[in-house]
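Here are a few friendly notes to read alongside the model.

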Amino acid sequence: YNNLAVELLARGQTAPAAQYIATALQLDPSHAPHWSNAGVIRLRNGDARAAEDAYERALSLDPDEAGALFNMAGLAHRQGDSRREAEYRRRLTTVQRKDPFHQVLQAIQYERVGDYHQAIKHYRRAIRLHPDEHRFYAALARAYLGAGDTRRAAKALARAQHLSDGEQRAAYRAQLDHLRRVSN
């Protein structure tokens, strides 16, 4: 119901989105992202006070709920409360630094614009936070290749292979073999 609510909201259908998020909250009132999304829907329906209440509820359930922190910062900005906005943005930055998936998203954005140095930095941070994820190493290898560092790319790809199994391991092995052939 939460996902359906978000999809409807994205299409501008706030009334049905509100119905679906109400159902999601009924089914699981302890899930902080439901409350954060409820706040977004309430704000789109013009009720800033109800939106703030929903964001606060999300943060009471999970003080590190990134969506609620982002939304509260935005709401504080709209209300002209720069002190509160800065506090929520500071908290959000702290949460995002500890989130490996946020780091990967940042890396992908840097990769898209050709800033491989920054992409590598963020992939490496994601790996420090979640060292057993083979996909992070494969992405790091791709960024190293973009930066022209085939030695480190091969090392990252070998680690991805080691952490994977089955067909994925074979695919990494083939990529690694190809990389070694073209770099010699």
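1. Is Arg49 buried, partly exposed or exposed? Arg49 is partly exposed, at a relative accessible area of 47% (buried means under 20%, exposed over 50%, partly exposed in between, with a 1.4 Å probe and protein chains only). Before going on, please keep in mind that this is a predicted model, where local features need pLDDT of at least 70, side-chain atom pairs count only at pLDDT 80 or more, and totals for chains, interfaces and linings use all residues. Residues are numbered from 1 along each chain as its sequence is written, and side-chain values use heavy atoms, leaving out hydrogens and water.

2. Arg49 forms a salt bridge with Asp53 at 2.5 Å, N to O (a side-chain nitrogen of Lys or Arg within 4 Å of a carboxyl oxygen of Asp or Glu). Both residues lie in helix H4 (residues 48-61), four residues apart, about one turn of the helix (helices are DSSP runs of H or I, at least four residues, numbered from the N terminus). Asp53 is also partly exposed, at 35% relative accessibility.

3. The structure holds nine salt bridges. Another one joins Arg135 to Glu133, with the closest N and O atoms 2.7 Å apart. Here Arg135 is exposed at 53% relative accessibility, whereas Glu133 is buried at 10%.

4. Asp149 pairs with Arg152 in a salt bridge, their closest N and O atoms being 3.2 Å apart. Arg152 is partly exposed, at 40% relative accessibility. Through shared partners, salt bridges link Arg49, Glu52, Asp53 and Arg84 into one network.

Key. Helices (H or I, at least four residues) and strands (E, at least two) are DSSP runs, numbered from the N terminus.
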